[in-house]
Amino acid sequence: MNRVILMGRLTRDPEIRYSQNDQSMAIARYTLAVDRRGRRDNNDGQQTADFIGCVAFRQQAEFAEKYLRKGMKIAITGRIQTGSYTNRDGQKVYTTDVIVEDHEFCESKNASANAGGFAPAADSRPAPSSAVSDGFMNIPDGIDEELPWN
């Protein structure tokens, strides 16, 4: 079974191209910065990340072109595909990409805009009063102790 699930932030806006054959097909390429769980860099204590190349085709590529931007936190599902080619210098280059089958947003539009990079700011969550306008339910004060993920 070849199944991949990743969550990370886009390192740049997706690069979109269209195939040159009879039926033009959208192809999106982007890189996800995915944190390594529990690993810290010894020099500065920052969490390390893997930068994983992703490729989306057809409707998924058109979705990426329309909605995905640098710094957004998304989750993808797909499969790993390896390949190789010979570069201009005659050297064989091996590639590994994730072929995207599905995208999902992992935070609100406001939180993505406030992230400003690859790591969310400590106060990037919208205030409960503004969250209602974003379509999220308002959580009453004092209920924090009852939430299952605390």
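Here is a short tour of a hairpin and a few charged pairs.

Before you click: this is a predicted model, where local features need pLDDT of at least 70, side-chain atom pairs count only at pLDDT 80 or more, and totals for chains, interfaces and linings use all residues. Residues are numbered from 1 along each chain as its sequence is written, and side-chain values use heavy atoms, with hydrogens and water left out.

Strands are DSSP E runs of at least two residues and helices are H or I runs of at least four, numbered from the N terminus; two strands pair if DSSP finds at least two bridges between them. Click Thr77 and look across to Asp102, its bridge partner in S6. Then go to the turn: five residues sit between the strands, and Gly90 there has a positive phi of about 85 degrees.

**Stop two: salt bridges.** There are five in the structure, each a side-chain nitrogen of Lys or Arg within 4 Å of a carboxyl oxygen of Asp or Glu. Show Glu101 and Arg3, whose side chains meet at 2.6 Å, N to O. Glu101 is in S6 and Arg3 in the segment before strand S1, so the pair ties together parts 98 residues apart in sequence.

Next, pick Glu107 and Arg9, a salt bridge at 2.8 Å, N to O. Glu107 sits in the loop between S6 and helix H2, while Arg9 is in strand S1.
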